[in-house]
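Here are some notes to read alongside the structure. Keep the view open and look up each residue as you come to it.

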Amino acid sequence: NNSYERKCIFMDNYICPCGYVYSEERGCPSMGIAAGTKFEDLPDDWVCPVCGLTKDNFGSRNDVINAVK
């Protein structure tokens, strides 16, 4: 008999006009940004790894993910 607890996890994703999505859950390892790094905690000089736009060009999107624990 397995019991599951369903919960919602809120992740913030930020989208560049070029289509790149910065996920706070994943970070940006290719640019030295650890998983779990909040968008607002990114360095001021951080840029999109795809097109080079600055972070003030990104828009935010909240995704709700149903997770089973």
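Predicted model: local features only at pLDDT ≥ 70, side-chain atom pairs only at ≥ 80, totals over all residues.

The points below go from the overall picture to single residues.

1. Next, the overall layout. The protein has 3 strands and 0 helices, and from the N terminus on its elements run β-β-β. Of its 69 residues, 28% count as buried. Take the contacts between residues at least 6 apart in sequence: 51% of them join residues at least 24 apart.

2. Now look inside. Which residues make up the largest nonpolar core? There are 11 in all: Tyr14, Cys16, Tyr20, Tyr22, Cys28, Ile33, Phe39, Leu42, Trp46, Cys48 and Phe58. Leaving aside neighbours within four places in sequence, phenylalanine 58 is in contact with Tyr14, Ile15, Cys16, Tyr20, Tyr22, Phe39, Trp46, Cys48 and Leu53.

3. Leucine 42 is another member of that core. You will find leucine 42 in the loop between β2 and β3, and it counts as buried because its relative accessibility is 3%, under the 20% limit. Not counting residues up to four places away in sequence, leucine 42 touches Tyr22, Ile33, Thr37 and Lys55. Lysine 55 is 13 residues from leucine 42 along the chain, and their C-alpha atoms are separated by 8.5 Å.

4. A disulfide is a covalent bond between the sulfur atoms of two cysteines. How many disulfides does a search of the whole structure find? The search finds 0. The cut-off that matters here is 2.5 Å between the two sulfur atoms. For cysteine 28, the closest cysteine sulfur is in cysteine 48, 8.3 Å away, so the two are too far apart for a bond. Cysteine 28 is also buried, at 3% relative accessibility.

5. Cysteine 51 is found in the loop between β2 and β3 and is partly exposed, with a relative accessibility of 39%. Not counting residues up to four places away in sequence, cysteine 51 touches Cys16 and Cys18. The C-alpha atoms of cysteine 51 and glycine 19 are separated by 9.4 Å, while the two residues are 32 apart along the chain.

6. Side chains of opposite charge can pair when their charged atoms come close. The structure holds 1 salt bridge, formed by glutamate 24 and lysine 38, whose closest N and O atoms are 3.6 Å apart. Both residues lie in the loop between β2 and β3, so the pair ties together parts that are 14 residues apart in sequence. Are the two partners buried or exposed? Glutamate 24 is buried, with a relative accessible area of 6%, whereas lysine 38 is partly exposed, at 38%.

7. Finally, visit serine 23. Serine 23 sits in strand β2, which covers residues 21–23. Serine 23 counts as buried because its relative accessibility is 1%, under the 20% limit. Serine 23 and arginine 61 are 38 residues apart in sequence, and 9.9 Å separates their C-alpha atoms in space.

Technical notes
Residues numbered from 1 in each chain as written. Heavy atoms only, no water. Helix = DSSP H or I, 4+ residues; strand = E, 2+ residues; numbered from the N terminus. Buried < 20%, exposed > 50% of the residue type's maximum accessible area, 1.4 Å probe, protein only. Contact = heavy atoms within 4.5 Å. Salt bridge = Lys/Arg side-chain N within 4 Å of Asp/Glu carboxyl O. Core = buried A, V, L, I, M, F, W, Y, C linked by side-chain atoms within 4.5 Å.
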